[in-house]
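Here is a short tour for anyone about to work with these coordinates. Have the viewer open and follow along.

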Amino acid sequence: DASQSKRSSNHHQQTSNNKNGASVQVTIHFDGGSRGNPGIAGAGAEVVVIKNATPPIITKYLIRQFCGMRETNNHAEYQGIISGLEHARTLLGELTEVPSSIPSLPSSMSKPLFNLQVFGDSNLIIQQLRGNWQCKNDNIRPLYLRCQRLIHEIRQIDKNS
């Protein structure tokens with residue numbers, strides 16, 4: 001069971017490194033670990049949403065999750081990124097809903113609605129999700145496939161990205 005908290009703040013400097021003109025910047029930082037390998041495991045993610053405004057509106061979501069009594073470090077790392085991606089997908093789905101009364105611009109004229117960046121210290125996950133390494137472990141493969149599915153779903157939210 002994941003627990004989460006939310007913090008909002010206004011920021012007086014232009015901190016967005018949003019070079020593609022998107023109106024929302026979303027950053028996920030994830031981590032996971034186990035005491036012993038396998039052992040008692042937990043994971044977490046921080047999802048930061050910066051909405052383009054004057055001043056920018058910054059909201060941070062902190063997600064913590066107990067992963068189990070006998071899980072590996074890699075399992076916990078994957079749980080961390082999954083928690084962050086699931087939360088980002090939900091937030092981006094809410095942020096990008098356009099009322100039917102507003103006509104949409106042709107995609108050639110539209111800027112991306114959001115920019116998403118993901119950071120973590122697990123070289124295994126980074127290399128697997130980039131397609132540089134195969135996911136061969138039968139215990140990790142379902143988590144890897146879940147990440148791939150979440151990334152695909154997030155990309156489908158914004159056809160202009």
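## The largest pocket

Helix H1 (73-95), strand E5 (114-120), helix H2 (123-129) and helix H3 (141-157) each give at least two residues to the lining of the largest pocket. The model you are looking at is predicted, so please read every value here as computed from that model. Which element gives the largest share of the lining? That is E5, with seven residues.

The space in this pocket comes to about 570 Å³. Its lining has 20 residues, and those closest to the centre are Leu-116, Gln-117, Val-118, Ile-151 and Arg-155. Sorted by class, the lining holds 12 nonpolar, six polar and two charged residues.

## The chain as a whole

Stepping back, the protein chain has three helices and five strands. Starting at the N terminus, the order of elements is β-β-β-β-α-β-α-α. Of contacts between residues at least 6 apart in sequence, 71% link residues that are at least 24 apart.

The chain has 161 residues, and 37% of them are buried. Its accessible surface amounts to about 9,700 Å², with 49% of that belonging to carbon and sulfur atoms.

A word on confidence before going into single residues. The mean pLDDT of the protein chain is 84, and 76% of the residues reach 70 or more. Residues 7-18 have pLDDT below 50, although this stretch has 30 contacts in the model beyond near neighbours in sequence. Where pLDDT is low, the predicted coordinates should not be read in detail.

## Two cis peptide bonds

Between Asn-37 and Pro-38 the peptide bond is cis, with omega near 15 degrees. Pro-38 sits in the loop that lies between strand E2 (24-36) and strand E3 (39-51).

The other place is the bond joining Thr-54 and Pro-55, also cis, where omega is about -5 degrees. Pro-55 is in the loop between E3 and E4. For background, most peptide bonds are trans.

Gly-44 is part of strand E3. The C-alpha atoms of Gly-44 and Gln-65 are 6.0 Å apart, while the two residues are 21 apart in sequence.

With a relative accessible area of 6%, Ile-63 is buried.

## Residues in the helices

In helix H1 you will find His-75. Its relative accessible area is 15%, and because the limit for buried is under 20%, His-75 counts as buried. Which residues does His-75 contact, leaving aside neighbours within four places in sequence? They are Cys-67, Ile-140 and Leu-143.

Helix H2 holds Leu-124, which is partly exposed at a relative accessible area of 23%. Not counting residues up to four places away in sequence, Leu-124 touches Asn-74 and Trp-133. Between Leu-124 and Tyr-78 the C-alpha separation is 9.7 Å, across 46 residues of sequence. Over in helix H3 is Gln-148, partly exposed with a relative accessible area of 30%. The C-alpha atoms of Gln-148 and Gln-128 are 9.9 Å apart, and 20 residues separate them in sequence.

Definitions and conventions:
Residues are numbered from 1 along each chain as its sequence is written. This is a predicted model: local features need pLDDT of at least 70, side-chain atom pairs count only at pLDDT 80 or more; totals for chains, interfaces and linings use all residues. Side-chain values use heavy atoms; hydrogens and water are left out. On a 1 Å grid over the protein atoms alone, a cavity is a set of points where a 1.4 Å probe fits but cannot get out, and a pocket is an open set with protein on both sides within 12 Å along at least five of seven lines; lining residues have an atom within 4 Å of a point. Grid points are joined across faces, edges and corners, and a volume is the space filled by probe spheres set on the points. Helices (H or I, at least four residues) and strands (E, at least two) are DSSP runs, numbered from the N terminus. Ala, Val, Leu, Ile, Met, Phe, Trp, Tyr, Cys and Pro count as nonpolar, Asp, Glu, Lys and Arg as charged, and the others, Gly among them, as polar. Buried means under 20% relative accessible area, exposed over 50%, partly exposed in between (1.4 Å probe, protein chains only). Contact means heavy atoms within 4.5 Å. Accessible areas come from the Shrake-Rupley method with a 1.4 Å probe; for residues, only the protein chains shown count as cover. pLDDT is the predictor's confidence in each residue, from 0 to 100.
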